[in-house]
Amino acid sequence: MPAVPLIGRLSFREYIALVFGFTLLALESVLHVTILFLPKPVINWFYRRSRALFYGFSPHVKDRSQEKKICDRILNAKDFGDLCALHGYTHEEHVVLTKDGYLLGLHRLPSKKGEKKSNPGTSTGKPVVYLHHGLLMNSEVWVCLTEAERSLAFVLVEQGFDVWFGNNRGNKYSKKSIHHGPNTTKFWDYSIDDFAWHDIPDSIQYILDVTKVSKLSYIGFSQGTAQAFAALSIHPQLNEKVNVFIALAPAMSPAGLAAPIVDALTKASPNVLFLFFGRKSILSSATMWQSIIYPPIFAQLIDISLIWLFNWRSVNISTNQKIAAYAHLYSFASVKSVVHWFQIMRNSVFQMYDDDVLSPVVRTSVSSYRPARFPTRNIVTPIVLLYGDSDSLVDIEVMMDQLPEHTVARRLHSYEHLDILWGRNVHHDVIPEVLNALDRFKELPAEHVANGKAGS
C-alpha cells in the first residue's frame, strides 16, 4: 500500500487507524473535562446506574465466599499499607533521592505476619529481596491478592526474607522531584534509560545501606525486568550487589501488539506519538473512569482491553481476583517511557531511547546510523527467567540470544503475562520456582556464574 506523506512509516490503512485513534482520544478528553465539572451527586448517580446495568444484564448469584469478602476489602484499600494490613503485615515506608533529583517511594516488609519490628529503618540480619513492578504499575500489585499464600511478597516474608518494593519515578508513590513539579513537562521527560541510570541502582544502594548487607536478590515483573536488564548491563559494579536476578514475565524486545491502532503507533515517529498522548503522564484519566464505573464492569473493560491489545484471555485469574487487583493495576507513567517501548518494538532491539529519529528517506545507508543498545550480554549476575508460553510479549528465543549464556529459562505452561502475578495456581507453579532460585544462587560467587556453570 502507498505511504502517506508526513508519516512515512505508515501505510494508508495504518494512517486511517491512527486518525480513528485520534478521534477516540478527542472524545475521551471531552468526556473527561465534562465529568470534572459534574457535581458529586451526579457522579454517584452514574456509579449506581452502572451497577444497576451490570445486575440487569448479567446472570447474578450472590457471592458470599471468603474470597469475595477479601476482594471487597482489597478493592477499597487506599494504599500499600492498607493492603498489607488486611493480611496482618506491618510495612515501612522509605524515600530515596536519585542522583538526578527524583524522590522515589520504597516499601518494606521486614517482619512476619502479626509481628512488628521494634526499631524500623534498621538491619534485620535477614537476606534481602527487592521486588519491582511493571509498566503503568506501582508496588501495590505485589500485595493485592485475595489469598496470602498466592502473594509472592508475603510468602517471601514468611520464608525469612527482608522484602523491599520499588516504585518508578512518576507513579503514585514517587510523584515528586526537587527540580520540577509533576504538572510540568520536564518532570515527565524520562524513559527506560533514566530508570536504568538512576532509579534501579539508587534504590538498590539505599536498601543495601539500610540493611547493612553486601548483596540482595532482585525480582522484577515485566518492565521491572527490562529496567534490571538495562541497569545491570550499563553498571558493571551493580552486578556485584545483586546475587540473582529473577525475571517474571520478562520484557526486552516484544514482537508487537495485536491492536491495529497501537501497531500503527509503534511505526509512527515520536512527534506523532507525543501529539497523540501529550508530553506528560499517559492515560492519566484512567483513575477517573475507575472511580465512576462499577468495579465488575471496570474489570470487564480491562479484560476487553487486554484481549484487544495483547490477545490475553486471563482465564487463569479468578473473577474476584481481577476485580480486586485491577483496582490497583494502574499508576502514572510518562508518555516518553511508552514511546521508548514503541521504538524498541519497531526496531526489534533492546535499545536506549532514540532522541534522533531519522526519516526512512534520510536513513539510506545501513551503516550511517544505529541507536545505542543496552549491552545485556555483559551481565554477570545470575539470571532466571520465568515466562508463560501463552504470553504474547515474550519471544524466548530472541530474548535468550540477547542475554549471557549463563541465563536459565523456566517455561510456565498456559501462563499469560498477568497470570504470573495473580494466577490461581501461582503458589504451585511460580512461587516454588522463585524460592528454588533464591536458595540456589544466594551464596554463589559471581565468578562461578560467569564461567557458565549456572545452567547445569
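This is a predicted model: local features need pLDDT of at least 70, side-chain atom pairs count only at pLDDT 80 or more; totals for chains, interfaces and linings use all residues.
The protein contains 18 helices and 8 strands, and of its 456 residues 53% count as buried. Among the contacts with a separation of 6 or more, 76% are accounted for by residues 24 or more positions apart.

The strands form an open sheet of 8 strands with mixed pairing, in which the order is E1-E2-E4-E3-E5-E6-E7-E8. At its edges lie strand E1 (92-97) and strand E8 (408-412), each of which pairs on one side only. On average, and with direction ignored, neighbouring strands of this sheet are turned by 20° against each other. In general, the strands of a sheet pair through backbone hydrogen bonds, either parallel or antiparallel. Within the present sheet, strand E6 (residues 242-248) and strand E7 (residues 383-388) run parallel and are joined by 4 bridges, and Leu248 has Leu386 in E7 as its bridge partner.

Helices also pack on this sheet. Helix H7 (residues 223-234) lies across strand E3 (128-132), strand E5 (216-221), E6 and E7, and runs at about 145° to E6. Helix H17 (residues 431-441) touches E3, E5, E6, E7 and E8, and its direction makes about 160° with that of E6.

Helices pack on one another as well, as the pair H3 and H12 illustrates. The axes of helix H3 (residues 66-76) and helix H12 (residues 319-326) come within 8 Å and cross at roughly 10°; because angles under 35 degrees count as roughly parallel, H3 is described as roughly parallel to H12. In this contact, Glu67, Lys68, Cys71, Ile74 and Leu75 of H3 meet Asn320, Gln321, Ile323 and Ala324 of H12, and the residues concerned divide into 5 nonpolar, 2 polar and 2 charged.

In soluble globular proteins, nonpolar side chains tend to be buried together. The largest nonpolar core of the model has 78 residues, of which Trp142, Ile219, Ile246, Leu248 and Trp422 touch the most other members. Helix H11 (residues 295-310) gives the most to this core, with 7 residues. When residues up to four places away in sequence are not counted, Leu248 touches a set of residues that includes Trp142, Leu152, Ile219, Phe221, Leu386, Ile420, Val430 and Val434. A second, separate core of 46 residues includes Tyr102, Ile234, Phe245 and Ala247.

Key
Residues are numbered from 1 along each chain as its sequence is written. Side-chain values use heavy atoms; hydrogens and water are left out. Two strands pair if DSSP finds at least two bridges between them. Helices (H or I, at least four residues) and strands (E, at least two) are DSSP runs, numbered from the N terminus. Axes are lines fitted to C-alpha atoms, for helices over the stretch in contact, and angles run from 0 to 180 degrees between N-to-C directions. Contact means heavy atoms within 4.5 Å. Angles under 35 degrees count as roughly parallel, over 145 as roughly antiparallel, 65 to 115 as roughly perpendicular and the rest as oblique. Ala, Val, Leu, Ile, Met, Phe, Trp, Tyr, Cys and Pro count as nonpolar, Asp, Glu, Lys and Arg as charged, and the others, Gly among them, as polar. A nonpolar core is a set of buried Ala, Val, Leu, Ile, Met, Phe, Trp, Tyr and Cys residues joined through side-chain atoms within 4.5 Å. Buried means under 20% relative accessible area, exposed over 50%, partly exposed in between (1.4 Å probe, protein chains only).
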